[in-house]
Amino acid sequence: MQRKGHKKSFLKQQKQLLETKLTDCLKQQKRTLSGLTAIERGGADLADIASAILDQWVSFKLANCCAQELRSICRAIDNMKSGTYGICENEACEGLIPEKRLTAVPWATKCTECQKIEERH
């Protein structure tokens, strides 16, 4: 069965948005990772060491979040190339993801209803 997809103009706009988000996320990842340094113990008191460890932990968490976002963005770009962007990945549904949802979350892989069902479980 032939399924009608999103308009080409909307897909073009989303592609530009995803590419911009990808570039921004890569820059953020680079900044976050470049700020990581070895923790020096020599002469530092425990409070300074604890503070440095906490800073490192926060940086790692930020880098991990950015890595997850990068994977989602790349997956959305791959879906665009394969012609499946904007189609719910739930095999029982495979309906179109609303443009409003894709505008808010360009890497969304499920329609609003399937996402709600997943979040309940």
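A residue is called buried at under 20% relative accessible area, exposed at over 50%, and partly exposed in between, using a 1.4 Å probe and protein chains only. A38 is exposed because its relative accessible area is 61%. This is a predicted model, in which local features need pLDDT of at least 70 and side-chain atom pairs count only at pLDDT 80 or more, while totals for chains, interfaces and linings use all residues. Residues are numbered from 1 along each chain as its sequence is written, and side-chain values use heavy atoms, leaving out hydrogens and water.

A38 sits in the loop between α1 and α2; helices are DSSP runs of H or I with at least four residues, numbered from the N terminus. Between the C-alpha atoms of A38 and A67, which are 29 residues apart along the chain, the separation is 21 Å.

The largest nonpolar core has 17 residues, and L18, L22, I73, I77, Y85, L102 and C111 touch the most other members. Such a core is a set of buried Ala, Val, Leu, Ile, Met, Phe, Trp, Tyr and Cys residues joined through side-chain atoms within 4.5 Å. Two or more residues come from each of α1 (8–34) and α2 (46–82), and α2 gives the largest share, six residues. Leaving aside residues up to four places away in sequence, I77 touches L18 and L22, where contact means heavy atoms within 4.5 Å.

The largest cavity is lined by S72, R75, A76, N79, Y85, W107, A108 and T109. A cavity is a set of points on a 1 Å grid over the protein atoms alone where a 1.4 Å probe fits but cannot get out, and lining residues have an atom within 4 Å of a point.

Note on methods. 1 Å grid on protein atoms, 1.4 Å probe; cavity = no way out; pocket = protein on both sides within 12 Å on 5 of 7 lines; lining within 4 Å.
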